[in-house]
Amino acid sequence: MPHRSKTGPVGDRPIVLIGPMAVGKSAIGQQLAQQLGAPFVDTDAVIVAGHGSIADIFAGRGEHAFREIEARTVANAVEAAEGTTSVISLGGGAVLDSGTQQLIGRCTVVYLECDASTVASRIARNSGRPLLAGDAMGRWTAMFATRKPVYERLADITLDVRQGSVTELGARLEAALRTYAAAQQEVEK
């Protein structure tokens, strides 16, 4: 690993939040960025701003076109954030792209861990998720089962988000990041 000369209390790498749909990546990411005084990028919001709603992209161009847009958006966000502690929230399926997996290897990756009961009420309130059309919880559970091993493999830090407010989870995540950065500094000495 290359030696980093200027490392802040949570490191000098972008912080990337991964995990399933509706786990709270955007809310916790915004909270963490605010705590750190760092920029925050929600790649789904960037996609919507530049291309229209995700549901419309799926309906008009298909999932494959969406995944290409998503991979480019993630790459742009990660490259723009290199050498900083920017916080980047990825869509639930972004980690399925091998190029994205390689790119986020240069970041501190945080997996927001949950279970179906944690997200059930959020999914019930938000019908704008095209991959959850029909039996939303059944589809979420099936997707999570296939994606969970990828989240676990890519994660430097895993944060259980089953309990706690966004503020509490942000504080727990910041503490975990400080511990991780300190351990990385020791390894690099």
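Trainee: At what angle do α2 and helix α3 (residues 54-81) pack?
Mentor: In this predicted model, local features need a pLDDT of at least 70 and side-chain atom pairs count only at pLDDT 80 or more, while totals for chains, interfaces and linings use all residues. Residues are numbered from 1 along each chain as its sequence is written, and side-chain values use heavy atoms, with hydrogens and water left out. Helices (H or I, at least four residues) and strands (E, at least two) are DSSP runs numbered from the N terminus. The axes of α2 and α3 lie 9 Å apart, and the two helices pack at an angle of about 120°.

Trainee: Why are α2 and α3 described by the word they are given?
Mentor: Axes are lines fitted to C-alpha atoms, for helices over the stretch in contact, with angles from 0 to 180 degrees between N-to-C directions. Angles under 35 degrees count as roughly parallel, over 145 as roughly antiparallel, 65 to 115 as roughly perpendicular and the rest as oblique. With an angle of about 120° between them, α2 and α3 are therefore oblique.

Trainee: How far apart are the axes of helix α1 (residues 25-36) and helix α7 (residues 166-188)?
Mentor: Residues A27, I28, Q31, L32, Q35 and L36 in α1 meet a set in α7 that includes V166, L169 and L177. The packing angle of α1 and α7 is about 60°, and the two are therefore oblique to each other. Their axes are 9 Å apart.

Trainee: Which strands stand at the edges of the sheet?
Mentor: The sheet is open, its five strands run in the order β2-β3-β1-β4-β5, and the pairing is parallel, where two strands pair if DSSP finds at least two bridges between them. Each edge strand has a single partner, so one side of it is left without a neighbour in the sheet, and these strands are β2 (40-42) and β5 (157-160).

Trainee: What is the bridge partner of E113 in β5?
Mentor: Strand β4 (residues 108-113) pairs with β5 in the parallel sense over four bridges. For E113, the partner in β5 is D160.

Trainee: Where in the protein is confidence lowest, by helix or strand?
Mentor: Confidence is given as pLDDT, the predictor's value for each residue from 0 to 100, and its mean over the protein is 87, with 88% of residues at 70 or more. Strand β1 (residues 15-18) is highest at 98, whereas the lowest mean, 71, belongs to helix α5 (residues 116-125).

Definitions and conventions: Contact means heavy atoms within 4.5 Å.
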